[in-house]
Amino acid sequence: MSEVKTRLARWETVTVFLLLVAILYGATTSGEDFLSGGNLNSILSDISEIAIIALPLTLIIVAAEIDLSVASVLGLTSAVMGYLWNHGWAMEMIIPAVLVMGALAGALNGVLVTRLGLPSLAVTIGTLAMYRGLAYVVLGDQAVADFPQQFTDWGFGTFAGTQIPNPFVLFIVLAIVFGVVLHMTGIGRSIFAMGANEEAARFSGIRVKRIKFWLFVVTGAMASLAGVVYAFRFASARADNGVGLELSVVAVVLLGGVSIFGGKGHLLGVICAMLLLGTLRNALTLNDVSAEVLTIVTGSLLLLSVLGPSVTARVREALRRGRGVDPPPTPTTT
Amino acid sequence: MTGSDSSVSIGFCCFEGEEPQINQQSTPAEITTPIIALKGASKSYGAVRASRNVSIELRAGEVRALAGENGAGKSTIVRMLAGVQRPDEGDVLVDGDVAAFHGPADARDVGVAVIYQEPTLFPDLSVAENVMMGRHPLGSGRRIDFRALNRTVKELLDRLGVKLDPEQPVKGLSIADQQIVEIAKALSFDARVLIMDEPTAALSGHEVERLFGVVRTLKERGAAVLFISHRLDEIFAICDTVTVLRDGEVTHDGRTADMDTDELVRRMVGRELSNLFPKLDAEIGQPVLKVERLTREGSFVDVSFEVRRGEIVALAGLVGAGRSEVARAIFGIDKPDAGTVTIDGVELKPGSPTQAMKAGIGLVPEDRRQQGLVMEMSIERNMGLTRLQALRNRLGVIGLGSEARNASDWATKLQLKFQKLSDPVGFLSGGNQQKVVLGKWLATGPKVLIIDEPTRGIDVGTKAEVHRLMSELAGDGLAVLMISSELPEVLGMADRVLVMHEGRIARELSRAEADEENVVRAATGQVAA
Amino acid sequence: ACGSTKEDTQKEAAATPAATEEGGAAAGGGEIKEGLKIAFLPKQINNPYFTISDKGGEDAVNAVKGEYKRVGPSDTAASSQVSYINTLTTQKQDAIVISANDANAVVPALQKAKAAGIKVVTYDSDTAPEGRDLFINQAAAEDLGRSQVQLLAKQIGPEGGEIAILSATPNATNQNTWIEFMEDELKKPEYSKFKLVKIAYGNDDDQKSFEETQGLLQAYPDLKGIISPTTVGIAAAARYLQGSDAKGKVKLTGLGTPNQLRDFVKDGTIEGFELWDPGKLGYLAGYAAAALASGTITGAEGEKFTAGDLGEREVGKNGEVLLGPPTVFDANNIDDFDF
Amino acid sequence: MSASTQAAPTPASPHTTEKTSWIDAVVRAREVSLIGVLAVLVIAVSIAEPRFLNAQNLRDILLNVTIVGLLAVGQTIVVITRNIDLSVGSILGISAFATGIMFADHNVPIPLVFLGGILFGAFFGLINGVMVAWARVPSLVITLGTLYVIRGLDFAWAEGRQINAADMPDGFLSLATTEVLGFPVLPIFTIAAMVLVGVALGRSRMGRELYAIGSNPDAAVLAGIRVSRRVLGAFVASGAIAGLAGVLYASRYGTLDAVAGTGIELAAVSAVVVGGVAIFGGSGTVWGAALGALLLTTIRSALVILQIDPFWDQAIQGALLLAAIGLDAYLAMRLARELRKRRSANRV
Ligand SMILES: Nc1ncnc2c1ncn2[C@@H]1O[C@H](COP(=O)(O)OP(=O)(O)OP(=O)(O)O)[C@@H](O)[C@H]1O
Ligand SMILES: Nc1ncnc2c1ncn2[C@@H]1O[C@H](COP(=O)(O)OP(=O)(O)OP(=O)(O)O)[C@@H](O)[C@H]1O
Ligand SMILES: [Mg+2]
Ligand SMILES: [Mg+2]
């Protein structure tokens, strides 16, 4: 198989292709509406929080773990922000405080996963419920909406006269940082190694537990940051902010070609996937496609993202073999 | 089962209450049609042609060896005979007729039992269920009769002469015991053909003897056996005939009685091999690694020894004696309960591989697929994993091509056979994978290298190369701690031999004292240290 | 105080939708324009209550020869509503009629829509006033809150007892306002024998509401009555009571639709409950949006507009238009209604 | 099969007696410890609030566990094979809606509705199964995808319609309230399913093969197990059970729209995890899973009856789930240590 063909067969490439198709679809069916700056702005701002959380979650999934509690940490952050604001804290104090809180929430996940050796899926289903519950404990049925104007303006505003929303600019900066860490540093290499084979990583002297722990901490902090952005962007802090967002984020990461089994993936794929999802949903809504169809489209894309590579591989295999039988997976032996 | 007790002997348990279908009279193997055979079989994995036009026949009452270097295509033949894979070209013949196996179940149905090279057990299930999976004895209402199941398996294990509880989950068994379960599994049904892909790799001499006993019984009963091993003495001990493979092709097919080890090796590697254990004398210096009273509950007790510059110390013993556990504890994978490890006089923090690496320890683990390598990662990245710090440039980022440079240096030094350094390491053959593991540790410039089973599952040619390397390294002043279950290797390579028995160092032998008898006696606990 | 709008004249006026910029009082009595693009954005697209109300909205928009459209999320998250607002803004609708999931979270997006010349009408659930031009109020929150207490008190009788509330989500704005008024009403001396023991939240989820009802009865064996000011909650509570020993003994009232509760009224599980006609609510909202978008009104207090069959309506304080008092449904009249 | 196997007298196998150490007890007694926790909980709560133990409340707990317990049973089948089925909530939802439609629009008789609901669920299970087993794609992703897709189909089908109790026959609705010998009818379905699945998993070859697949999928292939077919079957079973759960949901709650059962998959997974079914396959039983569901339901009920502030509900439930899996891990660790000790004892 030639280099080009392998590259073409990579799922990330397919994602880019689909993204282009989605843009083309939007542009041809909704014309100037779709291409207007304002619409670009709403595409980008709609995915702000998902995008921010998807960054650390990509790392976590590459490391063969998962964190389903992110949306609850986002909600808890919103709730605590509202609570502290009601209690007269200055916003300049609240932001660092909730980021620390998010990091602590992530640290609890990390401790349970690395020290007690619990499966992260189970742990974070537990903290998913617990953190959301704590959000209700903190803020109850209140909604806090009187955050200072300059902060909410930032959340809703655009960057230096462009149509790029401020939160998205924040995302771009973070994406560069995460991209470099994952793909160009020793930590990134370690994450890939432990995702593919944790034991071998340990035997190579990689501090698997420590790195995993910090991944959870960073994920918590980033989810918290997304919570801050969310609260500002909607000028509203409620305990139920971001309910159910975790599934969208996981969907985006997987759609971006990251293997749920760990050890494989590229951040660029994930970024393409979220642009794809945002663009497609926007283009469809502009064409008055209903919410249920959007749900179906999201789900189908996710299915496609895993079925596509697998089915093409199997078809290729069958063609090559010529005999058309499906071989059971074989333990590779040498 | 009670009524048919007398008819049940090793290897022939008829759980369905039927009579064994084995041909009881031992007809001369030459005249009969082969029970199972491959005819002109070829098989490729992508670009790798693992099997080319291979023909091999297994006849009743015959034990046939399959010999060849790593990657020669032995396991591929096993997989085709077992119905795991179908040949791309050519056929599988059963009793002379073309058979289309659609899966392992089809092969099993015609009486083919297989012990695969890789363990194929279900860790969560009991020993008994592992042995009898899919063939549980049924009671009323087609429900499984667990009592009958456990009893049957118990009987089978007793006949194999092992004390294993059939109800115990496989999870907690040692590798050797797991291998025994594999063997029991293969023998548990009415097999006409028994195929064993390196069954002895994890077994001690005692257990190997037991296994051979079983094989002989089977042979007398008229079964055909295919036996694969890298230990050539075993081939000569048990096999009547041998098929030699090189690069996927059959290069020789004949009686073992008609050849000797040298010839076999020559046919396998296609060249003469002079010295299998080229241990050079090195200058032995100051102690580097010092282990004192190291203890880990349930694994080993009170282990103390030292290794000096330029010295190769072998840790010998039976499988399960706790040698690997000592290595893991020294390197910090496991935390010992008591005792200390010092390098050049500096005590290591227990349970920290990172610290051990900093202090200059390297560990080439026994299981290279699980512990040594990340299979889907490229060769260069695998080699770089131990040197992530060193590969950073000023910006803290891994520089473009720095991994490739690091890897290609060592690939050259170790004469690695590969296509591209960016290929997944899983593309390499076993021996070459082992070299990658060695390379990734040598790249760290260690003072002490612990090598656990340096040549497990490696063919003779590569073995010699690995030994040459170890010897050279010691010559350069490296302290080497070698764990090995192969006696010739221990005797040939070591300056000093530490023999472990049941978690303790039973005896220390100098190179001069170390001979086969001494080591075996100590390893089996016949002498106190 | 301007004169009535002449809804019968349907002239093709080709003015830009964002015409009306005269602040304050009367807009020059214009006519409703044809071809107005009016979009309904309910809290949740598949909620039956909104299916009914938006049907009324559609009737209104069709009556004024506008272009009706209905979009919305399938969950109740405020954020999903925002992306719909943005899309509607991009599409340059003339008016958006919205029932807000979060009174504040949608405001910035609505303000952007308003800045683009789109009129915003809220119905059923309001936003902060700066987010919209008009709020079509189904019933004054005060009336609604107090009347439910009155209804229940009448059913229980003067001896009083413990009562509980089964609400929707803890964050539901309209429910919370009503509950405040209920609590205030209960402070009156005539209710001294009544005691509000618990506010439970069924999250507008059948299963949760059902289990919460059951929990209330277990935790408070002496419970005399439940108020559930949400259609999902009252149906679930009725269903639980119907199958339990407490049927008829524990009184249940609140807000619900006649179709949903007809059986329970007939078998005595519920004596009476109340609700406005959701279809009329949507209908009124549709007309209000059309009037705003045509520039016949601006949303100032005292302005009047004609709302089809509902006749003339006046804009009240804070830009609110009141639908009217709720209807009380009981065994005698329930068969007269079908929604 | 063989009569001789049957007739064999118990040879009083000497080894069975010697190895009844406490570890084996713990291994086998996951269910026992769950029952213990449950007992402690019930006793503690009823000391604090005696009304907890009244008949109506116990009946209610049983009824409440019916649906999530059923889903947990189905989920167990899938989890044992080292898979997961996140789409059960959506399958339940669409099957509940289908139940409503069958009654409201087509007057289908009750037994046929049950059958229809089950088949409906099995159909979606089949789709999941085909994708997981044939395309060999991780089930977490597949079922996350079908969670969306099936819910979307449900929305599209319902178009905002709601089916009310009035649209369904009384005979069907009364299943939720009638009792047989003081025992409510609805949970009987769950118990029947549990026993059926429990026996099938524990004592049939097919069931043991499911465990084998979860324990080591590659080895299962080599052992001649038809892995794809079995995994497919597990998903069909899980789907069918979710379909049945949908019918029961309709009977119990009586109000049906497109959001029925949203998010219930997490409750089912929680129950399975608390019930000691290993999320990585190969071990666990439906009894454990059902007890896990019962425990979680009882906790919920206790929170209500103890009049805990509703805002604390979710937080407490999450914390308890963490405690349950934490305890589990602790026990497993003890077990491993004990095994290690036992090995060293064995050699001497
Ligand atoms: N699943 C696979 N995919 C790709 N290549 C494979 C696969 N299995 C085996 N090979 C390649 O086929 C060749 C023959 O492999 P095989 O496992 O039959 O060798 P072997 O003789 O059993 O070696 P060893 O002694 O190391 O076990 C090797 O080059 C190996 O790399
Ligand atoms: N897979 C396993 N799971 C649990 N315990 C094991 C396992 N393998 C080995 N052990 C235990 O660990 C101890 C040491 O075993 P190990 O086989 O590693 O020793 P060794 O002397 O290094 O043998 P080897 O020749 O396999 O390297 C023994 O008590 C053994 O029972
Ligand atoms: Mg092999
Ligand atoms: Mg070892």
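Visitor: Which residue does Lys435(B) form a salt bridge with?

Guide: Glu465(B), with the closest N and O atoms 2.8 Å apart. A salt bridge here is a side-chain nitrogen of Lys or Arg within 4 Å of a carboxyl oxygen of Asp or Glu. Bear in mind that this is a predicted model, where local features need pLDDT of at least 70, side-chain atom pairs count only at pLDDT 80 or more, and totals for chains, interfaces and linings use all residues. Residues are numbered from 1 along each chain as its sequence is written, chains are lettered from A and ligands numbered from 1 in the order in which they are written, and side-chain values use heavy atoms, leaving out hydrogens and water.

Visitor: OK, what are the domains of chain B?

Guide: Domain 1 (28-121 + 190-269), domain 2 (281-360 + 447-529) and domain 3 (374-445). Those bounds come from an automatic or database domain assignment.

Visitor: How much area do domains 2 and 3 of chain B bury between them?

Guide: About 1,000 Å², 73% of it on carbon and sulfur atoms. Buried area is the accessible area (1.4 Å probe) that two parts lose on being put together, summed over both.

Visitor: And which residues in domain 2 of chain B lose the most to domain 3?

Guide: Met357(B), Glu465(B) and Leu469(B), together 37% of what that side buries.

Visitor: How many salt bridges and polar contacts cross there?

Guide: The rule finds one salt bridge between domain 2 and domain 3 of chain B, and two residue pairs are in polar contact, both at pLDDT 80 or more. A polar contact is a pair of N or O atoms within 3.5 Å; within protein, one must be able to donate a hydrogen and the other to accept it, and residues adjacent in sequence count only if both atoms are side-chain atoms.

Visitor: Switching topic: how many residues of chain B are in contact with chain A?

Guide: 45 residues of chain B, against 28 residues of chain A. Contact means heavy atoms within 4.5 Å.

Visitor: What do chains B and A bury between them?

Guide: About 3,300 Å², with 52% of it on carbon and sulfur atoms.

Visitor: How many salt bridges between chains B and A?

Guide: One, by the rule. The side chains of Glu403(B) and Arg189(A) meet in a salt bridge, 2.5 Å from N to O. For polar contacts, the count between chain B and chain A is nine residue pairs, both residues at pLDDT 80 or more.
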